Amino acid sequence: MNNDSTAIPDGARLPLVEEFFSLQGEGYHTGKAAYFIRLGGCDVGCSWCDSRFSWNPNLHPMVETDAIIDRMTKSGTDSVVVTGGEPLMWNLDYLCTGLKKKNIRTFIETSGAYPLSGDWDWICLSPKRNMPPVREICKVADELKVIIQDKSDFEWAEKYRGMVTGKCRFFLQPEWSRFETIIPEIVEYIKRNPIWRISLQVHKYMHIP
Ligand code: SF4
């Protein structure tokens, strides 16, 4: 936990990397419009991370959470995706309370490495080997999205499929830099194990954030 987070435990200010109104590019809600809030801070350290710029929270301004909510409201969206970094390094109760007052649906993308805060309509759990999820998040995940870099990740995916509840949906997503190599393996795996579906980072093909 970053020291700054203990100084503002109510989450009334958050380290904002970027915010934008776009389409969800991954997982169950692919293609749906949403306002994205990317928070700084992550110590999970995935070797293939495409959001390294977010890792150090001190490189991003601490922004009034109310101001973020005001800007989001002006976009006209009815959905917010909170991502990172690892957003659960921060207390997200204040943010979610404000979003709910505006009747905004709340979505989070998390590795699950930190305890849950906030009130979420949808929790996308993407477990990472470097810092496995806390068990409580597995029990409330709506979506399990596992990044597949090599064949050994299928076993990792199945381990977490066994830890979530019956409401959860299952997605395998190719690690972007290994796409050409790993996609045939994923296709064959899903044909043999059709409870899984593929998740492609379609925003990258569309050249949108
Ligand atoms: Fe990057 Fe997400 Fe892994 Fe953190 S958890 S290192 S932001 S991929």
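**View 1. Tyr28 sits in the loop between strands S1 and S2.** In this predicted model, local features need pLDDT of at least 70 and side-chain atom pairs count only at pLDDT 80 or more, while totals for chains, interfaces and linings use all residues. Residues are numbered from 1 along each chain as its sequence is written, and side-chain values use heavy atoms, with hydrogens and water left out. Helices and strands here are DSSP runs numbered from the N terminus (helices: H or I, at least four residues; strands: E, at least two). Tyr28 counts as partly exposed, because its relative accessibility is 31%. (Buried means under 20% relative accessible area, exposed over 50%, and partly exposed in between, with a 1.4 Å probe and protein chains only.) Follow the chain for 169 residues from Tyr28 and you reach Arg197, yet the two C-alpha atoms are 9.0 Å apart in space.

**View 2. Tyr28 and Trp122 belong to one of the nine aromatic pairs in the structure.** Their ring centres are 4.9 Å apart and their planes meet at 20 degrees, so this pair is stacked. (Rings of Phe, Tyr and Trp, the last by its six-membered ring, pair if their centres lie within 6.5 Å; planes under 30 degrees apart count as stacked, over 60 as edge-to-face and the rest as tilted.) Trp122 belongs to strand S6 (residues 122-125) and Tyr28 to the loop between S1 (13-23) and S2 (33-39), so the pair ties together parts that lie 94 residues apart in sequence. With 9% relative accessibility, Trp122 counts as buried.

View 3. What is the geometry between Tyr28 and Phe171? The pair is edge-to-face, at 6.5 Å centre to centre with 75 degrees between the planes. Phe171 is in strand S8 (residues 169-174) and Tyr28 in the loop between S1 and S2, so here the parts tied together are 143 residues apart in sequence. Phe171 is buried, because its relative accessible area is 1%.

**View 4. Two arginines lie over aromatic rings.** The charged end of Arg169 is over the ring of Tyr28, 4.8 Å from the ring centre. Arg161 takes its place over the face of Phe170, at 5.9 Å from the centre of that ring. (A charge sits over a ring if NZ of Lys or CZ of Arg is within 6 Å of the ring centre and within 35 degrees of the ring normal.)

**View 5. Gly85 is among the residues around the ligand.** (Ala, Val, Leu, Ile, Met, Phe, Trp, Tyr, Cys and Pro count as nonpolar, Asp, Glu, Lys and Arg as charged, and the others, Gly among them, as polar.) Gly85 lies in the loop between S4 and helix H3 (93-101), and a cis peptide bond, with omega of about 10 degrees, joins Gly84 to Gly85.

**View 6. Asn103 has a positive phi, near 60 degrees, although it is a residue other than glycine.** You will find Asn103 in the loop between H3 and strand S5 (105-110). With a relative accessible area of 66%, Asn103 is exposed.

**View 7. His207 also has a positive phi, about 60 degrees, and is not a glycine.** His207 is in the segment after helix H7 (202-206). At 73% relative accessibility, His207 counts as exposed.

Key
Near = heavy atom within 4 Å.
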